[in-house]
Amino acid sequence: MTKTPLKSLLSCILFFLSIGALAHGAPSGGPYGPLQLYYETPDVEGVIYYVSPDGEASADGSSIESPTSIEEAFSRVKTGDAIVLRGGIYRTGDLAFNQGITIQPYQDEAPVLKGTYLAEEWEALRDGLWRTKWDRLFPMKPQGWWRRHREAARTPIYKFNNDMVFVDGEMLQQVGWPGELDEGSFYVDYEEGYIYTATDPESRSIEITAFDNALTRVVGEVHGKVSDKIGPKVRGIVFTQYAYRAIEIEGYDPEGVSPESEHGKDVVGSLFEHCTFSFCSRVGGYFRGDDLVIRNCLVSDTSTEGIFILASNDVLLERNIVTRNNIESITGYYASAVKIFNQCYRVVCRDNLVIDNELSNGIWYDVGNIDGLFVDNWIQNTDDGFFFEISKGAICAGNVFVDCNKGVRSLNSERVRVYQNTFVNSMASFERTERSAVGDHFGWHPRTGPEVEERFGHVFMGNLVVVDEDHWGPLLNFEQREVLRERLTDSQAKAIDYNVYVRQGYETEYPLIVWSPSQIEENLMPLETPADLTKLFPKFESNSQWFVNYNGPVFKGAQLSRYELLPEFPAARFEPQLPKEALKALGKKQKDIAHPGAFPVVD
């Protein structure tokens with residue numbers, strides 16, 4: 001069975017210990033994720049419908065004493081109404097609506113929407129197997145762009161099916177035939193409609209997915225009503241165990257270059273606060289629409305994405321916890337805990353906790369995004385922490401990246417400005433390739449970003465990069481493909497300076513910096529110190545410092561993720577000179593920038 005990793009809980013505890021008492025740390029220290037709150041009766045212009053898990057559809061739902069069913073409430077609501085949920089488990093789903101409504105708990109109760117039914121009728125078979133007949137199955141094939149010839153040995157095709165089975169709340173993994181079954185797995189016979197397990201169902205609670213999703217905010221007509229284009233306000237609800245995704249906010253997905261005035265307008269102003277989205281077989285939620293806010297939510301145990309934002313403008317993600325994405329270990333699907341996709345303008349990710357996504361990227365701005373702002377986030381144990389691809393303009397400031405393959409990664413983008421971040425066993429990488437819209441596997445994707453000759457203008461300033469023997473590779477990487485050597489001879493960077501690099505106490509074959517385009521025969525030029533880069537480009541790294549094979553003090557307590565600087569560290573009082581846009585993003589004045597990286601000196 002897949003149990004909740006102790007490592008995830010420990011990471012959260014260490015995180016709160018590390019920065020909870022800081023007055024000036026960039027990540028706030030929380031609270032992150034849902035808070036248990038007391039909800040007053042909502043102040044709405046319309047009708048309040050009270051619902052409960054055992055509410056009767058025939059009841060009017062006008063008072064807490066006569067709750068209606070949740071299905072009936074969703075069929076009745078219109079703009080300005082509210083649905084107030086009593087605590088308990090609602091085994092329901094595929095609830096559609098198209099009105100601007102409020103959805104919240106009753107007072108301090110805890111409503112949970114589950115997409116599973118209990119399986120209670122089992123047939124014992126030989127060899128210690130059991131099976132049950134199940135008529136709510138969710139077979140699915142991979143997307144057409146998935147490259148089976150590359151991934152067939154890594155990801156069996158049955159992993160793309162969306163059925164899920166839980167035993168006493170623990171998720172089982174799907175296998176390809178009954179002979180593979182063990183206590184932690186299940187098998188689906190789609191032709192005959194049976195679920196098989198090797199778990200004795202006696203005295204066990206076994207839940208099997210029965211609904212595709214929880215809520216769909218549709219853009220067309222439903223329940224005899226036309227969409228008002230107003231997004232819902234959803235607070236304090238747990239959504240779990242859905243076969244595909246918990247939430248779908250419908251909207252226009254452009255498949256080509258689209259100005260911001262032409263997308264994001266179908267549903268505007270959705271809000272999700274203090275909600276949980278967990279154990280969805282694919283995605284926690286697909287969110288579309290301008291002025292979207294997702295705040296203090298927990299998104300965990302998802303597959304290809306946790307939060308998926310598409311073609312939306314002026315979005316805010318704040319103080320969320322996003323963890324354990326890609327729980328099925330699917331390859332070739334480019335999993336990401338948060339994906340911001342397809343020409344989203346001005347998406348702000350501020351002060352989020354994204355941890356323990358070992359087989360997944362962290363937060364990925366992918367394809368045609370404009371002017372992203374990524375500030376004060378803590379990203380730990382992910383592949384690429386902040387990933388900005390085929391997009392234009394981003395500021396990444398005041399973040400902490402711990403144990404990431406690449407803490408920051410820019411790929412085929414322009415104007416990615418990286419200021420005052422702390423990197424721990426994580427590198428920063430700026431990359432460009434020859435990829436264009438001509439003959440591209442994804443067709444229109446490259447057309448939404450900068451042309452090959454426009455992939456430059458990056459800034460790397462005021463950062464602290466500290467690695468130990470667990471880190472392999474350079475600390476800073478500027479890379480372009482060999483095929484571009486004659487075509488692109490200018491640097492991707494606009495400014496690189498006021499950085500501090502520390503390689504603690506070990507010798508390695510890896511250089512401190514990898515650089516291209518190169519002035520040597522090899523495409524990638526190894527540089528042992530920032531001063532070597534300054535010799536090539538006098539405007540780069542002239543004020544940076546570096547410490548190689550260093551055994552002195554740096555952090556207050558790295559073992560407890562305490563990344564404040566000790567005053568004994570020689571560069572602790574280093575004062576980076578940052579441009580106005582960096583100061584604005586950090587919410588600081590130049591006089592406050594008296595240290596490299598995200599955290600100040602602690603005396």
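**Cavity notes**

I began with the lining of the second largest cavity, sorted by class: eight residues are nonpolar, none is polar and none is charged. I then wrote down who they are: Ile70, Phe74, Leu85, Ile103, Leu113, Leu215, Ile237 and Phe239. The space in this second largest cavity comes to about 30 Å³.

A reminder to myself: this is a predicted model.

Next I stepped back to ask how many cavities of 30 Å³ or more the whole structure holds. My search turned up two.

I moved on to the largest cavity, for which I noted a volume of about 90 Å³. Which residues lie nearest its centre? I found Asp163, Met171, Leu172, Gln173 and Glu328 there, out of a lining of 14 residues. Sorting the lining of the largest cavity by class gave me seven nonpolar, four polar and three charged residues.

Last, I looked up the confidence of the model. The pLDDT averages 94 over the chain, and 95% of the residues score at least 70. I marked residues 1-9, where the pLDDT is below 50; in the model this stretch has 21 contacts beyond near neighbours in sequence. I also marked residues 17-25, again with a pLDDT below 50, and counted 19 contacts for that stretch beyond near neighbours in sequence.

Technical notes
Residues are numbered from 1 along each chain as its sequence is written. This is a predicted model: local features need pLDDT of at least 70, side-chain atom pairs count only at pLDDT 80 or more; totals for chains, interfaces and linings use all residues. Side-chain values use heavy atoms; hydrogens and water are left out. On a 1 Å grid over the protein atoms alone, a cavity is a set of points where a 1.4 Å probe fits but cannot get out, and a pocket is an open set with protein on both sides within 12 Å along at least five of seven lines; lining residues have an atom within 4 Å of a point. Grid points are joined across faces, edges and corners, and a volume is the space filled by probe spheres set on the points. Ala, Val, Leu, Ile, Met, Phe, Trp, Tyr, Cys and Pro count as nonpolar, Asp, Glu, Lys and Arg as charged, and the others, Gly among them, as polar. pLDDT is the predictor's confidence in each residue, from 0 to 100. Contact means heavy atoms within 4.5 Å.
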